[in-house]
Amino acid sequence: MKLVVYLYFSMIVLGVQAWPSVKRSFELFPNPAVPHNVHTVSDCMHVASEAGDYIFKKLNPLNSALNREAALLELEAAGAVGVGVVPGEGAAAGAGAGVGTAADVQELQPEVCGLYVIGEPDTIVEITMKHYDANCETGALMAFVDGWELNGEYFPGIKDHHRPLEERVYEFCNNYRQWPRVSNKKFFRSSQNAALLQYRIPVRGSFVANVRFHKITQPCNVLVQDTAAMYKMTNFGQARNCTISALFPAVVSLASLRIGGKSVRAQPKVNYDCQLPSDRLEIGGSAGLDAIGMEQASAVCGASSDLGPEQAIFCGVSTVRLVSSGRYQNQAAIVLRKADVPDMEIATLICAL
């Protein structure tokens with residue numbers, strides 16, 4: 001009997017000693033964690049380069065239109081009885097209200113906007129849709145784009161990306177007639193440091209998109225956000241084209257180069273006029289994102305470890321494109337900075353406005 005009582009008492013003591021550690025693991029009010037970045041999407045073209053939640057909300061614009069219409073009716077009624085209205089002001093008020101109504105009608109027209117995400121050169125973008133309210137029946141639509149799209153052109157270019165365009169664009173919206181209801185949480189990852197979340201919400205809607213960035217070891221296509229930096233390009237022995245594009249006029253110089261076969265690399269100096277279809281580094285620019293349609297300033301191949309001359313590209317988009325057949329290990333180091341007015345003296349390409 002004493003043994004049983006002793007064992008029972010020992011279990012109680014051990015339980016009391018263990019309780020604090022168990023309690024700490026289930027605390028109702030834990031210590032505050034690291035602050036989470038929350039951003040409000042207010043511009044139709046919103047560029048994002050930080051991780052965190054991006055929140056968009058659009059209320060029904062009819063509410064503001066109805067409020068303006070009610071105010072107009074009150075002004076007309078006041079003008080009819082001659083209370084507090086100077087002659088001639090009623091017509092002016094009516095004209096002003098008419099302009100406001102037209103603006104409301106324009107506001108109701110669907111507009112395609114986008115959350116343009118850009119990360120460091122050696123990262124890819126991850127977007128998780130925590131929530132989205134885009135009703136299919138009202139014409140609302142959202143889309144994830146693996147890359148960027150502007151005016152119908154894509155980065156990376158359609159011919160340079162390893163995935164076809166139909167696999168790079170994923171459209172979705174809420175079908176509230178569907179039963180049973182399915183979770184609207186979605187998860188996307190890009191193939192480079194740029195991704196786009198497009199949305200068209202005509203009436204009302206909202207979304208919460210969480211943005212994260214992940215490091216990669218073999219970046220190929222890079223959208224430039226820094227105005228002065230060095231970028232390394234390589235094909236890693238693969239048959240692929242890699243592109244570095246800057247959304248501004250840029251000055252480009254080669255810090256090192258090793259492109260082409262042994263006979264090309266054995267030449268005494270770098271060749272700035274490599275002929276097709278050899279492996280080469282194309283330098284040029286264009287008005288749009290797609291590098292296929294760019295105007296070419298030079299096509300470089302050979303080998304060098306010396307810093308090359310600067311050349312300025314005065315175009316809306318400045319591009320350096322490494323074209324590789326897969327027969328050689330091509331690599332280059334590019335120094336890129338934003339072009340200024342004095343750089344017109346070293347301009348090798350000026351695009352038409």
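C274 and C301 form a disulfide (a pair of cysteine sulfur atoms within 2.5 Å), with their sulfur atoms 1.9 Å apart. This is a predicted model, where local features need pLDDT of at least 70 and side-chain atom pairs count only at pLDDT 80 or more, while totals for chains, interfaces and linings use all residues. Residues are numbered from 1 along each chain as its sequence is written, and side-chain values use heavy atoms, with hydrogens and water left out.

Back to that bond. C274 sits in the loop between α5 (262-265) and β17, and C301 in the loop between β18 and β19 (302-304), so the link ties together parts 27 residues apart in sequence. Helices (H or I, at least four residues) and strands (E, at least two) are DSSP runs, numbered from the N terminus. Both C274 and C301 are buried; buried means under 20% relative accessible area, exposed over 50%, and partly exposed in between (1.4 Å probe, protein chains only).

The structure holds five disulfides, and if you number the bonded cysteines in sequence order, they pair 1-2, 3-4, 5-6, 7-8, 9-10. Here are three of them, including the one above.

| Disulfide | S to S | S-S torsion | Hand |
|---|---|---|---|
| C136 to C173 | 2.0 Å | about 105 degrees | right-handed |
| C220 to C242 | 2.0 Å | about -105 degrees | left-handed |
| C274 to C301 | 1.9 Å | -105 degrees | left-handed |

C136 is partly exposed at 28% relative accessible area, and C173 is partly exposed too, at 24%. C220 counts as buried at 15%, and C242 is buried at 1%.

Now for the sheet. Five strands form an open sheet in the order β13-β15-β21-β17-β18, with mixed pairing; two strands pair if DSSP finds at least two bridges between them. β13 (222-224) and β18 (295-300) stand at the edges with a single partner strand each, so one side of each has no neighbour in the sheet. Strand β17 (residues 280-286) runs antiparallel to β18, and five bridges join the two. G284, for one, has Q296 in β18 as its bridge partner.

On to the aromatics. The whole structure has nine aromatic pairs, meaning Phe, Tyr or Trp rings (for Trp, its six-membered ring) with centres within 6.5 Å; planes under 30 degrees apart count as stacked, over 60 as edge-to-face and the rest as tilted. F144 and F188 are a stacked pair, 4.7 Å centre to centre with 10 degrees between the planes. F144 lies in strand β6 (residues 141-145) and F188 in strand β10 (residues 186-189), so this pair ties together parts 44 residues apart in sequence.
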